[in-house]
Amino acid sequence: MPFEKPSVVPGRETQGAVSTEIRDIEADAARRVRQGGAPELHPRRDYPPYRSTVLRHPTHALVRVDPEEVERVSPAFGHTDVNELESDLTIQHGGEPLGERMTVSGRVLDGEGRPVRHQLVELWQANAGGRYVHKRDQHPAPLDPNFTGVGRVITGDNGEYKFTTVKPGAYPWKNHVNAWRPAHIHFSLFGNAFTQRLVTQMYFPGDPLFALDPIYQSIADPAARARLVGTYDHDVSVSQWSLGYRWDIVLTGPGATWMEGEDAHD
Ligand SMILES: [Fe+2]
C-alpha cells in the first residue's frame, strides 16, 4: 500500500512520530525498488516529515528558459576574484575560533570521473557550538567572535578543493519537538554562471542524528544519502594542526551527489 501523506501541524509532533513517518516512506521506497522501480537518488521535494516542504514544494512544471540568454547578462566569477586566504575560515578575525580544527578536502568530478576544474566552491556552516551568524538563528548557543562560517575556493587542475575550518556543531530547528540537525556543512557550486548553481550539504561519519533527520532522510535511497557523508582521512589530517575529512562531489551520473532545490534553508 503506498505511503499516505499525514495531516501536517508544523512543529508539534514528537521525534517518535516523525521517525515513524520517515521509516514508512523509506519502506515504501524500498518496496518500489524491489518491484523494479528506480532508486530515488534525489530528495523528495514534497517530503512530509520535513514539514515546510509540504506547502512550499513546486506544484507546477518548471519554466524552461534559454540559459544562454540569461547567462549573457548575469555576472560570472573568474579565478582572479577569489583570494587564496578565503579557503581558511580560521583566520578571518583577530583570534582563533573555538572548536575542533579540521581540513576538508575533495574533488569535484563529473559523471565520467573527470575533474571539474576552476570552479567556484562556496561553503557556509554553523560554529562549533551549532550557531550561525544570522538574524534568524537566535537559539541559545554562543556566537564565536572569531568565526563567521563562510569561505570559498576555486578548484584546481584536478578538480580538488581544500578548506580549513572548525567542525560545526549540531543545532536545533523547529520542524518538530526536539528536532536537531546532524552536524553539516553547506556547499555551493557555481558552475560558470548563476543559472548553473548547485547547493548541497556534507555530513560527518557516524552521526547518531542521521536516522532522525528529515532533511538527510528525504533522499529515499540509502546509498545516495550516504554519499553526503565525508570520510575521515588521516592523509588529509595535518600534524599538530587539524583533523582531515575527504568528500568528493560528483555532479552527474549514478554516483551523483544529491543537490538541493533553491527553497531549502536548514
Ligand atoms: Fe545548516
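**Figure 1. The buried face of helix 1.** Val18, Glu21, Ile22 and Ile25 are the buried residues of helix 1. They sit on the same side of the helix, because they cover an arc of only 100° around its axis. An α-helix has 3.6 residues a turn, so residues three or four places apart point the same way. On the other side of helix 1, Gly16, Ala27 and Arg34 are exposed. The helix covers residues 15-34, 20 residues in total. From first C-alpha to last, helix 1 reaches 28 Å, close to the 28 Å expected at 1.5 Å a residue.

**Figure 2. The whole chain, for orientation.** This is a predicted model. Its mean pLDDT is 89, and 87% of the residues reach 70 or more. Residues 1-8 stay under 50 in pLDDT. For that stretch, the model has ten contacts beyond four places in sequence. The secondary structure comes to four helices and eleven strands. Of the 266 residues in the chain, 30% are buried. Contacts between residues at least 6 apart in sequence were also sorted by separation: 72% join residues at least 24 apart.

**Figure 3. The largest nonpolar core.** This core has 30 residues. Those with the most contacts inside it are Val104, Val108, Val121, Phe163, Phe187 and Met202. Strands 1 (101-109), 2 (120-125), 3 (150-154), 4 (160-166), 7 (184-189) and 8 (198-203) are the elements that give two or more residues to this core. Strand 1 gives the most, with four residues. In soluble globular proteins, nonpolar side chains tend to be buried together.

**Figure 4. Valine 121 and leucine 189.** Residues up to four places away in sequence are left out of both contact lists. Valine 121 touches Val108, Arg152, Val153, Thr155, Tyr161, Phe187 and Leu189. Leucine 189 is found in strand 7. Leucine 189 counts as buried because it has 21 C-beta neighbours inside 10 Å, and the cut-off for buried is 20 or more. Its contacts are Val108, Gln119, Val121, Leu198 and Ile249. Leucine 189 and arginine 152 are 37 residues apart in sequence. In space, their C-alpha atoms are 9.9 Å apart.

**Figure 5. Tyrosine 245 and tyrosine 232.** Tyrosine 245 belongs to strand 10 (residues 243-246). It has 23 C-beta neighbours inside 10 Å, so it counts as buried. Not counting residues up to four places away in sequence, tyrosine 245 touches Met102, Val104, Gly230, Thr231, Tyr232, Asp233 and Val236. Valine 229 is 16 residues from tyrosine 245 in sequence, and the C-alpha atoms of the two are 9.7 Å apart. Tyrosine 232 lies in strand 9 (residues 231-232). Tyrosine 232 is partly exposed, with 14 other C-beta atoms within 10 Å. Leaving aside neighbours within four places in sequence, tyrosine 232 is in contact with Pro205 and Tyr245. Between tyrosine 232 and leucine 243 the C-alpha distance is 7.9 Å, at a separation of eleven residues in sequence.

Figure 6. Most residues other than glycine have a negative phi. Histidine 118 has a positive phi, near 55°. It lies in the loop between strand 1 and strand 2. Histidine 118 counts as partly exposed, with 14 C-beta neighbours inside 10 Å. Asparagine 178 is not a glycine either, and its phi is positive at about 60°. The loop between strand 5 (171-173) and strand 6 (179-181) holds asparagine 178. Asparagine 178 is exposed, with 10 other C-beta atoms within 10 Å.

**Figure 7. The annotated stretch, residues 104-132.** UniProt, in an unreviewed entry, lists these residues for "domain: Intradiol ring-cleavage dioxygenases". Over residues 104-132 the chain is 41% strand and 0% helix. The end C-alpha atoms of the stretch are 19 Å apart.

Methods. Residues numbered from 1 in each chain as written. Predicted model: local features only at pLDDT ≥ 70, side-chain atom pairs only at ≥ 80, totals over all residues. UniProt positions renumbered as here; feature names shortened; annotations may be inferred. Expected span 1.5 Å × (residues − 1). Buried ≥ 20, exposed ≤ 12 C-beta atoms within 10 Å, placed from the backbone. Arc of directions from axis to C-beta. Core = buried A, V, L, I, M, F, W, Y, C linked by C-beta atoms within 7 Å. Contact = placed C-beta atoms within 7 Å. pLDDT = per-residue confidence, 0-100.
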